Amino acid sequence: MMCGPHATGKQVPVVSPTDMDFKTLEKRFRIIEATEIGPKLQEAYIAEMLAFLKADSCYIVQERDEWTATVPFSSSPIKTSSLLNPAQLNDLTQSTPFFFDQNFVPRRALKGILGNFKQVAGFRLTNYTFKGWILIGWEMPSDDSVDDIEDALYRFSDKVLISSLSLQRIALEQQYRFLFGIVPQAVILINEDEETSWVNQAAVELLNLEPGELRPSPANLSVGMMQLRNRAQNLDEINQTASKFIHDPNFSIKEWIWTFSDRILSVLTRPIFSPYFKGRIWLFNDVTELYQKNQQLFEANREIENLISVIAHDLKSPLSTLSFVFSFLPMNGPLNDEQTENIEYGQKTIKRGLNLIDSIVYFNRLITSNLPINRQDIELDDLIAVIVDGFAAQAYQKDIRIHVRNLERPVILHTDPESLVRILDNLISNALKFSPFGRNVYVQTALRGQQLTLSVQDEGPGITPADQEKLFKRFQRLSAQPTNNEGSSGLGLSIVKALAEKLGATIEVDSTVNIGTTFRLVFPAEYVHLSDQLASKNPNTL
């Protein structure tokens with residue numbers, strides 16, 4: 001029940017005030033704050049409060065949910081389980097934080113902690129970090145006024161919340177110490193506002209800090225990081241990247257490689273901004289073993305690629321000789337129809353083999369060469385027209401019409417024409433190979449914002465989701481097959497993707513089974529320029 005200015009329910013007599021000395025209480029609280037930490041802080045607050053109120057017991061109840069509460073702190077042993085139902089406490093406080101009852105009769109939920117007390121006072125805590133109650137019990141009635149008791153509990157509630165936050169901070173710090181202490185990466189956290197820093201044990205060892213110096217001074221931390229950087233073999237590259245911090249405080253980088261004689265570090269750094277923290281995190285990861293494995297894999301792949309190139313060249317010579325022999329067979333006398341057909345089939349097979357060899361050699365050279373591409377300004381519409389004309393005979397054989405749809409204004413594309421020709425050759429050739437007789441193929445340019453898209457669309461069988469996952473891998477055989485016994489090396493789309501990346505473009509695929517497929521090249525705006533003159537609006541159809 002409550003009385004005094006916040007009371008509800010039955011009235012209880014108000015005892016005369018005894019003029020509590022709150023100044024002394026606050027002074028005692030400050031002494032406790034200066035001398036105690038952790039659980040001892042809460043215990044000291046409770047002991048001081050009990051002495052000040054001449055009470056017998058104090059319980060701090062923390063609400064977990066609507067039906068469950070626990071007692072994390074108490075001045076007296078709890079007779080029952082520390083879990084209790086907070087329903088009666090909610091009834092007592094209702095809409096006001098304070099309650100006081102000189103004839104308290106606890107229901108079953110609170111008998112385990114308040115069953116021995118005739119007088120009980122409580123205060124509701126509703127801070128977002130801690131929700132619950134402070135409960136004070138007297139075995140005999142108190143002479144203090146209700147207002148003074150409420151005032152004392154109000155002051156005490158602040159200390160309970162401070163103690164709770166202190167414990168949460170200690171618990172979080174212990175968790176962070178444990179988590180960051182067991183990770184092998186060196187972690188550095190710098191708070192720029194407070195000019196403080198925090199490191200884990202791996203960072204202490206990496207930066208040669210004093211053992212156990214998990215909160216080094218900014219000066220010691222700066223010296224340690226500078227000495228580490230100066231030992232790097234690629235110092236010039238590191239300094240070039242580091243200079244970006246001066247111009248951009250928001251600079252972030254995920255894979256910044258620092259190379260040393262005995263190790264290779266991958267460095268991640270990014271700023272952290274929040275209402276409570278402004279600073280930067282550094283993460284140093286030792287990737288020496290990974291780099292060594294990658295280097296070994298690179299060398300093995302290079303040997304394999306060289307071997308493939310050698311084998312391809314060695315196969316090309318006998319195939320060319322065989323083709324030469326086939327071409328001379330008709331000169332030795334008349335051939336019957338079956339012999340002529342066999343020679344033609346042999347020549348076609350040899351041609352497919354030579355095309356496959358050329359594709360293998362070209363692809364190996366493409367992925368192993370670091371030579372810069374030859375960019376120049378080209379009139380895209382004219383280039384497309386020339387390429388499409390080259391497929392006129394192949395399209396005619398299958399009664400396929402190739403439609404060219406250009407922008408109203410001519411496009412000047414800054415790119416490598418030889419690479420772009422090979423990309424379009426592969427895409428248009430595939431569209432014709434996999435399209436049934438009598439269908440359509442569309443070659444179209446369009447704008448996507450400031451970007452240029454160049455697409456090749458067919459009306460073929462489409463590509464299943466399973467096939468799309470392996471679409472750009474080498475020597476992949478997909479479920480769809482050419483519709484007129486055309487050959488396929490399994491390298492065309494691999495070459496398309498590799499060349500697109502070299503040109504700075506991306507390749508997209510949209511496909512619906514039994515409807516068709518669209519391959520789309522997307523060029524960044526920096527490579528695209530539109531001419532001022534208008535182009536012909538009539539699409540070119542073959």
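A residue counts as buried when its relative accessible area is under 20%. Ile113 has a relative accessibility of 6%, so Ile113 is buried. This residue sits in helix H4, which covers residues 108-114. The model described here is a predicted one.

Ile113 can also be placed relative to Gly137. The two are 24 residues apart in sequence. Their C-alpha atoms are 9.2 Å apart in space.

## The second largest pocket

How much space lies in the second largest pocket? The volume is about 910 Å³. Its lining has 21 residues, and those closest to the centre are Arg169, Tyr176, Leu189, Arg215 and Phe277.

Four elements each supply at least two residues of this lining: helix H5 (146-182), strand E6 (186-191), strand E7 (196-199) and strand E10 (277-286). Which of them gives the largest share? Helix H5 does, with 7 residues. Sorted by class, the lining holds 13 nonpolar, 4 polar and 4 charged residues.

Is Met331 buried or exposed? Its relative accessible area is 60%, so Met331 is exposed.

## Two loop residues with positive phi

Most residues other than glycine have a negative phi. Asn208 has a positive phi of about 55°, although it is not a glycine. Asn208 lies in the loop between helix H6 (201-206) and helix H7 (218-230). With a relative accessibility of 56%, Asn208 counts as exposed.

Asn514 also has a positive phi, near 70°. Its loop runs between strand E16 (506-512) and strand E17 (516-523). Asn514 is exposed, with a relative accessible area of 64%.

How many salt bridges does a search of the whole structure find? The search finds 13. One of them joins Glu501 and Lys497, with the closest N and O atoms 3.6 Å apart.

Both residues lie in helix H15, residues 492-502. They are 4 residues apart, which is about one turn of the helix. Glu501 is exposed at 52% relative accessible area. Lys497 is partly exposed at 32%.

Arg520 takes part in two of the salt bridges described here. With Glu508, the closest N and O atoms are 3.2 Å apart. This pair links distant parts of the chain: Arg520 is in strand E17, Glu508 is in strand E16, and they are 12 residues apart. Arg520 is buried, with a relative accessible area of 17%. Glu508 is partly exposed at 25%.

Arg520 also meets Asp510 in a salt bridge, at 3.0 Å from N to O. Arg520 lies in strand E17 and Asp510 in strand E16, so this pair ties together parts that are 10 residues apart in sequence. Asp510 counts as partly exposed, at 39% relative accessibility. Shared partners join Arg448, Glu508, Asp510 and Arg520 into one network of salt bridges.

Conventions:
Residues numbered from 1 in each chain as written. Predicted model: local features only at pLDDT ≥ 70, side-chain atom pairs only at ≥ 80, totals over all residues. Heavy atoms only, no water. Buried < 20%, exposed > 50% of the residue type's maximum accessible area, 1.4 Å probe, protein only. 1 Å grid on protein atoms, 1.4 Å probe; cavity = no way out; pocket = protein on both sides within 12 Å on 5 of 7 lines; lining within 4 Å. Points joined across faces, edges and corners; volume = space filled by probe spheres on them. Nonpolar A, V, L, I, M, F, W, Y, C, P; charged D, E, K, R; others polar. Salt bridge = Lys/Arg side-chain N within 4 Å of Asp/Glu carboxyl O.
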